[in-house]
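Dear colleague,

I am handing over the structure below, and after it you will find notes on what turned up in it. Please read them with the model open beside you.

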Amino acid sequence: MLIDEIAKEHNLTLKQLSADSNIAYTTLMSMKDSSILDWKSQYIDAVSKALATDIKKLAEKEVLTPFIKWVGGKRQLLNELKKYVPDDFGTYYEPFIGGGALFLNLQPDKAVINDFNPELTNLWRVVKSQPEELVELLRTHQINNSKEYYLDLRLMDRDGRIVSMSEVERAARFMYMNKTGFNGLWRVNSKGQNNVPYGKYANPTIVSPMIIPINKYLSEKNVKIKTGDYQEVVTTAETGDFVYFDPPYIPASSTSVFTSYTANGFGLVQQEQLRDTALKLAKRGVRVMLSNADVPLIEELYSDSLFEIHHVQATRAINSKSSARGKVGEVIITAGLRKRD
């Protein structure tokens, strides 16, 4: 694990880390591609003190990071989220998996992951079962990448060609469009058709180096990948299990609209149903953690005494509006969990 990854986990830029550790920014930049284990002890100690963690241990860890971009991805909040993750738990559940930043960082031995976006969960299954074929198709997309090529692939869910595609072909299409679409968005209309314009990136990384390492983890551990209603997925959660909900967020303003990554949407009624589901789980001894936007409605929704609301700041780089990127307020809601020191 390199220093830029560690900084991201702590929601810091290298420039901020430079200031916190009293290491010259040019010095830190010169070391960012080097193994921390090869650093001088004075720099290891300074950064460890600034982050209040042993960075040598982090450097030795085999880190898995998301193989796709995802709106609301949690890489920037991992350090905050992990403060509430229990030391021991039975099965890990993540019903809105998205890019799976926390799941991949924790690498639980037993897990159930789910999403209501069938293209996304198909990609996760293909990474688990057909990684080499996926990489080969992505290399072809990389070679042919252009606006015209992107728009032709996008058209496949309108002209019917997508129906005859194999699972691995659909997965490669999804991942290619995710990597090259405008601002890393995946957005569909009421008919389930993608409507994100081409992103015009100079040199997008379409073939993620994480595909093979993540395949190894998914293949070796007991990980079930499901598609559908999050409420059904968590019905099997038992006392001692750990559930992390990272749903589409409540809009930050009254003029915003609830984000839709599938044709079904996720509005206020669904947010209330999610709250009720989390409460039922907590009452039967399941440890629960949720993420959402830091908006006044949260206090009303999660007013039950079983819930604790923790306010944090996250850095957001993926959004359709530039004004919505940068530092934003978020909440971590917990039930049955204690914060680590």
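About 60 Å³ of space lies in the second largest cavity, where a cavity is, on a 1 Å grid over the protein atoms alone, a set of points at which a 1.4 Å probe fits but cannot get out, and lining residues have an atom within 4 Å of a point. The volume is the space filled by probe spheres set on the points, with grid points joined across faces, edges and corners. Eleven residues line this second largest cavity, and those closest to its centre are Glu-9, Leu-64, Thr-65, Leu-78 and Asn-105. The elements that give two or more residues to its lining are α1 (3-9) and α7, helices being DSSP runs of H or I with at least four residues and strands runs of E with at least two, numbered from the N terminus. By class, this lining has six nonpolar, two polar and three charged residues, with Ala, Val, Leu, Ile, Met, Phe, Trp, Tyr, Cys and Pro counted as nonpolar, Asp, Glu, Lys and Arg as charged, and the others, Gly among them, as polar.

Before going further, please note that this is a predicted model, in which local features need pLDDT of at least 70 and side-chain atom pairs count only at pLDDT 80 or more, while totals for chains, interfaces and linings use all residues. Residues are numbered from 1 along each chain as its sequence is written, and side-chain values use heavy atoms, with hydrogens and water left out.

Of the 13 residues that line the largest cavity, Lys-74, Ile-97, Gly-99, Gly-100 and Asp-246 lie nearest its centre, and its lining divides into five nonpolar, five polar and three charged residues.

Turning to the rings, there are 17 aromatic pairs, a pair being two rings of Phe, Tyr or Trp (its six-membered ring) whose centres lie within 6.5 Å, with planes under 30 degrees apart counted as stacked, over 60 as edge-to-face and the rest as tilted. Tyr-92 and Phe-103 form a stacked pair, 6.0 Å centre to centre with 20° between the planes. This pair links distant parts of the chain, since Tyr-92 is in strand β1 (residues 92-94) and Phe-103 in helix α7 (residues 101-106), eleven residues apart. Tyr-92 counts as buried because its relative accessibility is 0%, buried meaning under 20% relative accessible area (1.4 Å probe, protein chains only), and Phe-103 is likewise buried at 0%. Tyr-149 and Tyr-176 form an edge-to-face pair, 5.6 Å centre to centre with 75° between the planes. Tyr-149 lies in helix α10 (residues 147-154) and Tyr-176 in helix α12 (residues 167-180), so this pair ties together parts that are 27 residues apart in sequence. Ring pairs also link Phe-67, Phe-89, Tyr-92, Phe-103, Trp-124, Tyr-217 and Phe-242 into a cluster.

The strands bring some of these residues up again. Two bridges join β1 to β4, which run parallel, and Tyr-92 stands opposite Phe-242 in β4; strands pair if DSSP finds at least two bridges between them. From strand β4 (residues 242-245), Phe-242 and Tyr-244 point one way and Val-243 and Phe-245 the other way, and all are buried. Four bridges join β4 to strand β5 (residues 287-293), again in parallel, and Phe-245 stands opposite Leu-290 in β5.

With best wishes

Key
Buried < 20%, exposed > 50% of the residue type's maximum accessible area, 1.4 Å probe, protein only. 1 Å grid on protein atoms, 1.4 Å probe; cavity = no way out; pocket = protein on both sides within 12 Å on 5 of 7 lines; lining within 4 Å.
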